[in-house]
Amino acid sequence: MMLVFHLILLLVILKELNLFLVNLLFSLFGSFGSSSELEKLKKELKEAEESQKKIFIMDEFSKHAKLQRKINSLQEKIKKLRSSQGTNRAKWHRYLRMASSALINFSLMVVVYFYRKSTLLVVEPQFHCGYLASKLMAIQLDYPLDDAVGCVFWVICCQLTLKPVVSFLLSRFVASSSAAKESTSGFLQNLLKLAA
């Protein structure tokens with residue numbers, strides 16, 4: 001039963017850290033959406049800007065204006081391409097977050113269903129908590145032991161305990177920014193500072 005005890009604890013930790021782990025995954029593998037077309041446009045834009053800098057506007061105004069129109073159109077294409085990639089990235093981020101959350105919650109429900117009447121651990125008599133607490137610990141139907149910690153009670157305890165702890169740790173170590181890459185790097189930098 002200790003395996004189930006630890007499995008529930010692990011699933012609840014994963015449930016609470018789901019958003020952070022998805023952000024971490026996207027920051028580590030965030031370049032999967034960069035296309036060769038975007039790189040080509042950036043290179044072409046850089047070349048056009050460099051050639052425009054070499055032209056003196058007073059002497060060759062028409063050439064300068066033509067390059068400026070080309071630069072403007074390239075910037076617009078890059079902007080549209082980045083926007084579409086950002087939309088795709090946000091969509092995949094949402095799908096991954098929903099799928100991982102559904103998988104974790106389904107796993108937790110399956111474990112609770114199959115072990116709902118199992119004793120995960122028994123509270124020793126010297127730690128007896130009273131009648132009400134012992135009834136709460138045995139939140140299941142037809143449960144024979146009063147001083148036993150059941151599966152449902154353990155899930156509730158883990159969620160009530162880990163939610164504020166994880167929230168505090170993430171707010172303490174993760175910079176409050178909307179970009180996942182920045183928040184993850186801030187978290188890792190703070191951990192490295194603590195380790196040193």
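This is a predicted model: local features need pLDDT of at least 70, side-chain atom pairs count only at pLDDT 80 or more; totals for chains, interfaces and linings use all residues.

Student: Before we zoom in, what percentage of the 196 residues of the chain count as buried? And then, how do helix 1 and helix 6 pack?

Tutor: Of the chain's 196 residues, 29% count as buried. The chain has seven helices and two strands, and if you read along the sequence they come in the pattern α-α-α-α-β-α-β-α-α. Take the contacts in the chain with a separation of 6 or more: 71% of them are between residues 24 or more positions apart.

Now for the close look. Two packed helices are described by the angle between their axes and by the distance between those axes. Helix 1 covers residues 2-16 and helix 6 covers residues 151-173; they pack at an angle of about 35 degrees, with their axes 9 Å apart. The crossing of helix 1 past helix 6 is right-handed. On the helix 1 side, the residues in contact include Phe5, Ile8, Leu9 and Val12, and on the helix 6 side they include Cys151, Trp154, Val155 and Leu162. Sort the residues of this contact by class and you get 11 nonpolar, one polar and three charged.

Let's stop at one of those, Cys151, which sits in helix 6. Is it buried or exposed? Cys151 has a relative accessible area of 0%, so it counts as buried, the cut-off being under 20%.

Methods: Residues are numbered from 1 along each chain as its sequence is written. Side-chain values use heavy atoms; hydrogens and water are left out. Axes are lines fitted to C-alpha atoms, for helices over the stretch in contact, and angles run from 0 to 180 degrees between N-to-C directions. Helices (H or I, at least four residues) and strands (E, at least two) are DSSP runs, numbered from the N terminus. A crossing is left-handed if the near helix is turned anticlockwise from the far one by less than a right angle, and right-handed if clockwise. Contact means heavy atoms within 4.5 Å. Ala, Val, Leu, Ile, Met, Phe, Trp, Tyr, Cys and Pro count as nonpolar, Asp, Glu, Lys and Arg as charged, and the others, Gly among them, as polar. Buried means under 20% relative accessible area, exposed over 50%, partly exposed in between (1.4 Å probe, protein chains only).
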